Structure formats: C-alpha cells, structure tokens
Amino acid sequence: MDLCKSGHSFPYPIYPVKLMCTGRIDPAMVLFAFERGAEGVLIMGCKDKECRYGPGPGQAKKMAGSVHGLIHILGLEPERFSTLQYSFDEQNRLFEEMESFAKKVYKLEKSPIGD
Amino acid sequence: MDKNNTLNQLIEKFQVFHCVECGKCTGACPLAQVDRDFSPRLMAKYAIEQGIDSEYVREKAWACLTCGLCDERCPVGISFTEFIRTIRPLYAREDFKGHLSHGGALHGLMRMQTAPGLIQNRLDWITPDLKVSSRGEILYFVGCLPYFETFFSDMSVSLVKIAVDTVKILNSLGIEPVVLPDERCCGHDLIWTGDGESFHKLRLFNMESFKKAGVKTIITACGECSYVLKYLYPDSSEPFPFEVMHLSEYLKMTGFITGRSIDKIATYQDPCRLGRFQGVYDAPRELLGQILELREMPHFGPGAWCCGNSAWLNCDRYSKQMQVERLLEAKGTQADLMVTACPKCQVHLTCAMRDVNRLQDLRMKILDISSVIAESIE
C-alpha cells in the first residue's frame, strides 16, 4: 500500500499490522489486540473474488462473524470491530473508511479491557 | 523468584521423593499410550535429579492432561496432577508456555474477564420461559458456556443448551436460581496454564458477586467449575461461605426423581474433574439409570479415560488419537449416545468426530446429563 508514501497523515493513533491475507486472521489475534489496549480493530483485505490464494476473504468473513459474537458477550460496543474489503485501485476510499472507523471508535468511552 | 527453590519446595509438598519408580503412573496414562515419549515417572525423576533446568520437565509439564489417572494408581500417593499445576507458573512467563490451542483465544477471553469495568451481555440465552433471579440463596453458576457457544458455532454442539436445561430442571423443583449478569469465568483454564494471577482476580470478583447476591449454595453443570469452586476457591484462612455442588450431586441430595424413561442406550463419560478429582461417580449414574439403559465403557469410573484435552492446551495428533480411542470405546458399547457432565468433554469429543477419515465410525450423539434429565421431565 502506498498511503505512507502519498504523504497523508492519519489523525488518530493507529497501529498497522501487515499480513499477506486476511484469511490468516483468527479470533485470538483480534482478542489479543483488544487485550493489549486497542480501542478498536479494523480488518482490511481483498474482496471475495480478488484473493490471490482463493478462500481468504471468505474465511475472514466467517471469522469476523464469530468475533462479533464474542465481542457482544464481552460487552464491547459493536463499533469497535469492523471489516472492510477493497480493491487495489481503491486507495483513496480506503483512507476515508479508516478515518470514519477511527472517528466512531474514539467517540466511545475508553475500552474497559486493556491497561 | 528462585525457581529451583520453589520447585524443590513443591517436590517436598507433593512428596515426589516417595516415588518408587514403579511406572504404574505411566502405565495408566492415556497420553503415554499414544505418545511414547511422555512419562510421568520420568518427569518425577528428572524434576528431582535436574531441577528447574530439566528440558524434559519443562516441555512435558505442558503436555500433561492433568487427568489424574496417575494419581489414581500411584501406590505411594503422589498427587502428580497438583504437582503439574503448581510447577507450570514457574515456566509460564518464558517464551515456551505450552501450546495454547486456538491461538490462545479462549485464554484471552478468560483473562479479559478480569477487567474491573467489564459489563458483559451473557444472559441472551435466557428465554422468557426460564425463571431466574438476581438475588437468592441458590446460584446457578453458568461458566463460559455463552462464549463457547459462539466460539464453536460451526460445530454441531450446543453448549448453551446445558444452561437452558439446567435452569429447566431447577425450575421444575420450584427453584428460581440466581444467574449473575456479571459472572466471570471460574478461572480453571487459567490456573491450570500457570496464570494464578488472573485466576485470583476472577475468584475475587466472583466471591464478591456471590456474597452481594446473598448466595449460600452454588450449583453448576460443569465438572471443571464445580471442582474449582469447591476446592480451589476456598481459602484456608477463613471459612468458605458457600456450598458447591455439581448438578448431579444436588439432584441426588434432594432425592430428585426423574421423569419418563427414554428408550435409548447410553454410555457415561466420567469427566476427570468430576470423577477422579471429586469422587462423584454414582450420582450421575443413579440419575441416568432411572431414565435410560446405561452401559459402561471398558475404562469407566475411576479408570475413565480423559476426553483428550485439558485447559485448551496442545490440541495435537496425540489428543486426536486419545479421543478416537475413547470414541471407539463408546461405540463399542453399542450405545446410541454418550452422556457426559462437563462441557469440555462434550466439545472435545464432538470435535474429534469431525475427522474426515473416520466420519462414520466415530459419529455418535453426545449429550450433557442436564439435557437427558430435562428431556425426561418435559
């Protein structure tokens, strides 16, 4: 992703974690992020039909459903976790979506989880 | 902390020195039968001879199922499972802390419940027909069932059904149990994976909640929760203000009479934490025996085989092999279903049935005892 090179600065503190495919993400990773103090977790990846490996986005979608359920029981607001699919040519939209997600999250009170 | 010193103190405390190297522990151990490298006898020996630096102990201490079959057979009364539980914290903070299965997700969920400001939504399973209360003398401790239900939603097992059926049974006795909206995990899987700190936080929360609600009796439908609340929550420095029972114990104590019989044959899987750890073998059998025909597996009662996994550690080919052996024993009884009294046994054995190479010869219905009893009183 070339957002860094484009000179955009992001107005909210974010911690990017790079992976080769969202299909690799499991609930443990998302929960760990919350445990370590993340106010919100946003998963961004390729669209269903554009996965170079094949099943990645579908896998991520299923996993996200599970995480939504777990977060609900934990009592965390649903806005804290979201997923986003994009194509390689949608970089500008990506930035807007990220900002909109962060804005929603930072409107909430501080997460009860995490030091 | 001088770990070697602590290890030596634990060796003293659990009398590991008394080991006569008879090897009965290893002979009884289900893990040793599938993993020839694993030996409780050698762990005891190397803990004494090599101390905290023993690579063997450091590695194998995490592989142990803590099922207690070794304790059952040891002629000199070494409590090997307790020894394992208490030495794990010595290794827990190192990089190698056992293989937490599912990436450590379940442990994460449990640790997160130590957060003071947490306000959970854990009562969604309570439908209007279930009568529960927020204050009272009898508490139904649900445990992590709501979390497991979501986590394992892709498996054909309903864990929250245990909670629903338990409340139905208690309601039929005229009891509206307290079900706490702020219940926290009992901490079993944390204290058994070396995280005593989180365990104690959970314990404090729960004890406070129980006291605030006016609880005197705690009933749970989980073998592990009942063991933890009964044996690991009490603090020797003060009297424990609650009476803890597994559902089967409570029903036996109150002389509960089950309803109609069910025309099925069942085999009963003794959960380690209910059977060997608490000596509760008869209560579940007496209740089930009134409802359906019970047939025992070759390893039953005090000799019952573990469901192959403990505290969400090391789910590997050895677990699978043990689970397959256990399921084959169950199938061998020609029973229509397996009944157990712990959601862990239910989850682990159901998971093993998904082995794509053995789809038909392992498939078997597994129900919790609460579901069987609830069906009989419908």
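1. Let's start where the chains meet: 16 residues of chain A are in contact with 20 residues of chain B, contact meaning that C-beta atoms, placed from the backbone, lie within 7 Å. On the chain B side, the elements giving two or more residues are α8 (105-112) and α9 (145-151), and α8(B) supplies the largest share, five residues. By class, that side of chain B has nine nonpolar, nine polar and two charged residues. Here Ala, Val, Leu, Ile, Met, Phe, Trp, Tyr, Cys and Pro count as nonpolar, Asp, Glu, Lys and Arg as charged, and the others, Gly among them, as polar.

2. A word on the model before going on. This is a predicted model, in which local features need pLDDT of at least 70 and side-chain atom pairs count only at pLDDT 80 or more, while totals for chains, interfaces and linings use all residues. Residues are numbered from 1 along each chain as its sequence is written, and chains are lettered from A and ligands numbered from 1 in the order in which they are written.

3. Chain A has three helices and two strands, running α-β-α-β-α along the sequence. Helices (H or I, at least four residues) and strands (E, at least two) are DSSP runs, numbered from the N terminus. Its radius of gyration, taken over C-alpha atoms, is 14 Å, close to the 13 Å from the globule rule for 115 residues, so chain A is as compact as a globular protein of that length. That rule is 2.2 Å times the number of residues to the power 0.38. Along the principal axes, the C-alpha atoms of chain A fill a box of roughly 35 × 35 × 20 Å.

4. Still in chain A, 26% of the 115 residues are buried. Buried means 20 or more other C-beta atoms within 10 Å of a residue's own, exposed means 12 or fewer, and partly exposed is in between, with C-beta atoms placed from the backbone. Of the chain A contacts between residues at least 6 apart in sequence, 70% join residues at least 24 apart.

5. A:Ala102 has 18 other C-beta atoms within 10 Å, so it is partly exposed. Leaving out residues up to four places away in sequence, A:Ala102 touches A:Tyr12 and A:Ile14. A:Val41 is 61 residues away from A:Ala102 in sequence, with 9.1 Å between their C-alpha atoms.

6. Over in chain B, look at how α10 (residues 160-172) and α19 (residues 369-376) pack: the angle is about 45° and the axes are 8 Å apart. Axes are lines fitted to C-alpha atoms, for helices over the stretch in contact, with angles from 0 to 180 degrees between N-to-C directions. The two helices are therefore oblique to each other; under 35 degrees would be roughly parallel, over 145 roughly antiparallel, 65 to 115 roughly perpendicular, and the rest is oblique. Residues meeting here include B:Lys161, B:Ile162 and B:Asp165 from α10(B), and B:Ser370 and B:Ile373 from α19(B). By class, this contact has four nonpolar, three polar and three charged residues.

7. Two other chain B helices deserve a look for burial. Nine of the 10 residues of α17(B) (residues 343-352) are buried, so this helix is largely enclosed by the rest of the structure; among them are B:Lys344, B:Cys345 and B:His348. In α15(B) (residues 282-289), B:Ala283, B:Pro284, B:Arg285, B:Leu287 and B:Leu288 are buried, and their cover includes α14, β4, β5, β6 and α19 of chain B.

Note on methods
Two residues are in contact if their C-beta atoms, placed from the backbone, lie within 7 Å.
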